[in-house]
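Open the model in your viewer and follow the stops below. Each stop says what to select and what is there.

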Amino acid sequence: MSLLKAENVSFSYDKRIKVVKNVSLAVEEGESVAIIGHNGSGKSTLAKLFNALICPDQGKITVDGFCSDDKKSLFEIRKRVGVVFQNPDNQLVASIVEDDVAFGPENLGVKREEIGQRIDFALAAVGMEKFRYSSPTRLSGGQKQRIAIAGVLALMPKILVLDESTAMLDPKGRKEVLAVAEKLNKEHNVTVINITHYMDEVVRADKVYVVNDGEIVLSGTPNEIFKEKDLLKTCGLELPLAAIVADKLIECGVNLPQGILTEEQLAEELCALKRKI
């Protein structure tokens, strides 16, 4: 059974215009999943549906066996799906980092001794142990977002949803947050769903869903997704920068293989060509 499953889910905020239309998808435990689409495509609404902050008008969301159409299951779903939103300042609630990370477990009634252990784990997982007694207001954007992730991790969720969590960060901050997400996925088996419009964040995902006007129009591995250049263009999306550069070089006659998606792949292939000269 999939850890998270959406079956024919539709939702509208005003009961007239559907912002999510008949969406079906499945996320397995331990997967790294990316959901991409242009602004206003319905991505962030999906994040709220996954976490049961809102419930479908039609269809159903199931998380770890709990269904969102059962009000008694909503608390269990929210414990299992943690969401980190775009602006970290909206999720930081305390004047000291330690207190901020403890806020969620305290509200769940977790015992004091266990809260301390959860703070230790969460701050270590995001590499922010030395900032335990610092003020969040003195941190950089990337550091604040890592603390926001730590606050979610302290709830011990099975699924971490990053809802445009790097959109307000500079390149360094984005890299920090993505490294944390990858570490949690690979080393701690946390299922990660990254909702983004940055194509270079997608290339290491196990599975990608493309959303356009509230509908899933394409799904597959990153290599399968980025082969569909024309469809992506109609959805207002581009290829990762490394893929664009590789395609331009191929057009100019450079002997590169198809399917290059990352800067590392491009560098390796160019170095291999140089050695042959």
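Start at Ser73. Ser73 sits in the loop between strand 5 (66-67) and helix 2 (74-80). Helices (H or I, at least four residues) and strands (E, at least two) are DSSP runs, numbered from the N terminus. Is Ser73 buried or exposed? Ser73 is buried, with a relative accessible area of 8%. Buried means under 20% relative accessible area, exposed over 50%, and partly exposed in between (1.4 Å probe, protein chains only). Show its contacts, meaning heavy atoms within 4.5 Å. Leaving out residues up to four places away in sequence, Ser73 touches Phe66 and Cys67.

A note on the source: this is a predicted model, where local features need pLDDT of at least 70 and side-chain atom pairs count only at pLDDT 80 or more, while totals for chains, interfaces and linings use all residues. Residues are numbered from 1 along each chain as its sequence is written, and side-chain values use heavy atoms, with hydrogens and water left out.

Next, select helix 1, residues 43-50. Helix 1 is mostly covered, with 6 of its 8 residues buried. The buried residues are Lys43, Thr45, Leu46, Ala47, Leu49 and Phe50. Step just past helix 1 to Ala52, which takes a positive phi of about 60°.

Now go to the largest nonpolar core, which has 31 residues. Such a core is a set of buried Ala, Val, Leu, Ile, Met, Phe, Trp, Tyr and Cys residues joined through side-chain atoms within 4.5 Å. Select Val101, Leu123, Ile149, Leu160 and Leu184: these touch the most other members. Colour the elements that give two or more residues to this core: helix 3 (97-108), helix 4 (112-125), helix 5 (141-153), strand 7 (159-163) and helix 6 (171-188). Helix 5 gives the largest share, 6 residues.

Centre on Ile149. Which residues does Ile149 contact, leaving aside neighbours within four places in sequence? They are Val84, Val126, Leu160, Leu162, Val177, Val180 and Leu184. Apart from this core lies another, of 29 residues, including Leu4, Ala6, Phe11 and Val20.

Finally, zoom out to the chain. There are 10 helices and 10 strands. Of the 277 residues, 50% count as buried. Along its principal axes, the C-alpha trace spans about 65 × 50 × 30 Å. Among contacts between residues at least 6 apart in sequence, 62% join residues at least 24 apart.
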